[in-house]
Amino acid sequence: MTIEVGGSPVDDPVVTRLGSGGPWEAVYGYSRVVRAGALAITAGCTSTVDGRVAHEGDAAAQTAQAIRIGLDALAEVGAGPADVVRTRMYVTDRLYVDEVGRAHNAVFGPVRPVATMVVVAGLVDPEHLVEVELEAYVPGP
């Protein structure tokens, strides 16, 4: 069955939508990663592993974990770290900005995507200190 979403069918053969089985995807109706042509975009990635928050209280480790989750999702649609052109980081406290930025640099320093880091009031789980979104550009053959 084709479901219309914003005028675009969900089963569009040009668009690939993949889930990770995370606890919120089915409940809130989103995909972990979507590839539409050369563009691949992740949903917000946190340090949730097997339904639990990993690295409680450690913003750098949470950032590294979230980036790994995002890169794993991008890999499923044919994108790698060098293809990442934009990142967004949502941080729950200004005190974490430096460690989050350094964890981002450890992965993306050589790639240098455009990046945004925003301090937010909170995330869905109060133990999450950071959430990361990745966008990649993967030109066709």
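Let's start with a word we'll need: a residue is buried if its relative accessible area is under 20%, exposed if over 50%, and partly exposed in between (1.4 Å probe, protein chains only). This is a predicted model, where local features need pLDDT of at least 70, side-chain atom pairs count only at pLDDT 80 or more, and totals for chains, interfaces and linings use all residues. Residues are numbered from 1 along each chain as its sequence is written, and side-chain values use heavy atoms, leaving out hydrogens and water.

**Exercise 1.** Find where Thr63 sits, and decide whether Thr63 is buried or exposed.

*Solution.* 
- Step 1: go to helix α2, residues 59-76, and you'll find Thr63 there. Helices here are DSSP runs (H or I, at least four residues), numbered from the N terminus.
- Step 2: check the relative accessible area of Thr63, which is 0%, so Thr63 is buried.
- Step 3: list who Thr63 touches. Leaving out residues up to four places away in sequence, they're Val100, Ala103, His104 and Val130.
- Step 4: look at the side chain of Thr63; one of its polar atoms lies 2.7 Å from the backbone oxygen of Ala59.

Terms used:
Helix = DSSP H or I, 4+ residues; strand = E, 2+ residues; numbered from the N terminus. Polar contact = N/O pair within 3.5 Å; in protein donor to acceptor, adjacent residues only side chain to side chain. Contact = heavy atoms within 4.5 Å.
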